[in-house]
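Q: I have a structure open and have not looked at it before. Can you take me through it?

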Amino acid sequence: VQLQASGGGLVQAGGSLRLSCAASGSIFRINLMGWYRQAPGKERELVATITTSGSPNYSDSVKGRFTISNDNAQNAVFLEMNSLKPEDSGDYYCNANLKRLWFESDKNYWGQGTQVTVSS
C-alpha cells in the first residue's frame, strides 16, 4: 500500500492551500483517512480525520478553518486549508487505517510528508 500526498507549498498568512492524498495497492477496506502534521522540534499531531462514511474530526486548532473530505472511489482524502497561520507550518502527513487483505488486521499506513510553510 502506498499513500501519495501532494499540494504543499509556501503561502502568506491568511492564504489557502489544498492537500491531496491517494492510497493505492492492495486494499480490502479503508476505515479512516486523515492528516497529521509535524513542526520542527515538535511531536506529530492530529489535524483531521474522516471516516469512509464522511464523518470528520478536527483538532481544535484548525476547526472552522480546515475542511477534510474524501473520495471513496479514488481512495483519496483532501484537506482544504483556509485562513492559514504561521503556526500551521510543518510537514503534513497523510494517514490511512485500512485492511490490506480480508484476513489481515487493520493497520496504519503513512504517506511521505508534504511541506506547508506559512509566512507572516
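Q: How many bridges pair S1 and strand S3, and in which sense?
A: S1 and strand S3 (residues 17-24) are joined by five bridges in the antiparallel sense. Strands here are DSSP runs of E, at least two residues long, numbered from the N terminus. Two strands pair if DSSP finds at least two bridges between them. In this pairing, Ser 6 stands opposite Ser 20 in S3.

Q: What should I know about the model itself?
A: It is a predicted model, where local features need pLDDT of at least 70 and side-chain atom pairs count only at pLDDT 80 or more, while totals for chains, interfaces and linings use all residues. Residues are numbered from 1 along each chain as its sequence is written, and side-chain values use heavy atoms, with hydrogens and water left out.

Q: Back to the sheet. What is the strand order?
A: The order is S1-S3-S8-S7, in an open sheet of four strands with antiparallel pairing.

Q: Which strands stand at the edges?
A: Strand S1 (2-6) and strand S7 (66-71) do. Each has a single partner strand, so one side of each has no neighbour in the sheet. Neighbouring strands of this sheet are turned by 15° against each other on average, direction ignored.

Q: Which residues are on the covered face of S1?
A: Leu 3 and Ala 5 are on the covered face, and Gln 2, Gln 4 and Ser 6 are on the uncovered one. In a regular strand, side chains alternate between the two faces of the sheet.

Q: Different topic. How many aromatic pairs does the structure hold?
A: Two. In Tyr 36 and Trp 110, the ring centres are 5.1 Å apart and the planes are at 70°, so this pair is edge-to-face. Rings of Phe, Tyr and Trp (its six-membered ring) pair if their centres lie within 6.5 Å; planes under 30 degrees apart are stacked, over 60 edge-to-face, and the rest tilted.

Q: Where in the chain are Tyr 36 and Trp 110?
A: Tyr 36 is in strand S4 (residues 29-38) and Trp 110 in strand S10 (residues 107-110), 74 residues apart, and the pair links these distant parts of the chain. Trp 102 and Phe 103 also form an edge-to-face pair, 5.5 Å centre to centre with 90° between the planes.

Q: Is Trp 102 buried or exposed?
A: Exposed, at 63% relative accessibility. Buried means under 20% relative accessible area, exposed over 50%, and partly exposed in between (1.4 Å probe, protein chains only). Phe 103 is exposed too, at 56%. Tyr 36 is partly exposed at 21%, and Trp 110 is partly exposed at 39%.

Q: Which ring faces does Arg 44 lie over?
A: Arg 44 lies over the face of Tyr 93, at 3.7 Å from the ring centre. Arg 44 also lies over the face of Trp 110, at 4.7 Å. A charge sits over a ring if NZ of Lys or CZ of Arg is within 6 Å of the ring centre and within 35 degrees of the ring normal.

Q: How much of strand S9 is buried?
A: Nine of the 10 residues of S9 (residues 90-99) are buried, so S9 is largely enclosed by the rest of the structure.

Q: What does S9 pair with?
A: S9 runs antiparallel to S4, with nine bridges between them. Leu 32 has Asn 97 in S9 as its bridge partner. Leu 98 is the bridge partner of Lys 107 in S10, and Asp 91 that of Gln 115 in S11.

Q: Where does Thr 114 lie?
A: Thr 114 lies in strand S11 (residues 114-119). Thr 114 is buried, at 10% relative accessibility.

Terms used: Axes are lines fitted to C-alpha atoms, for helices over the stretch in contact, and angles run from 0 to 180 degrees between N-to-C directions.
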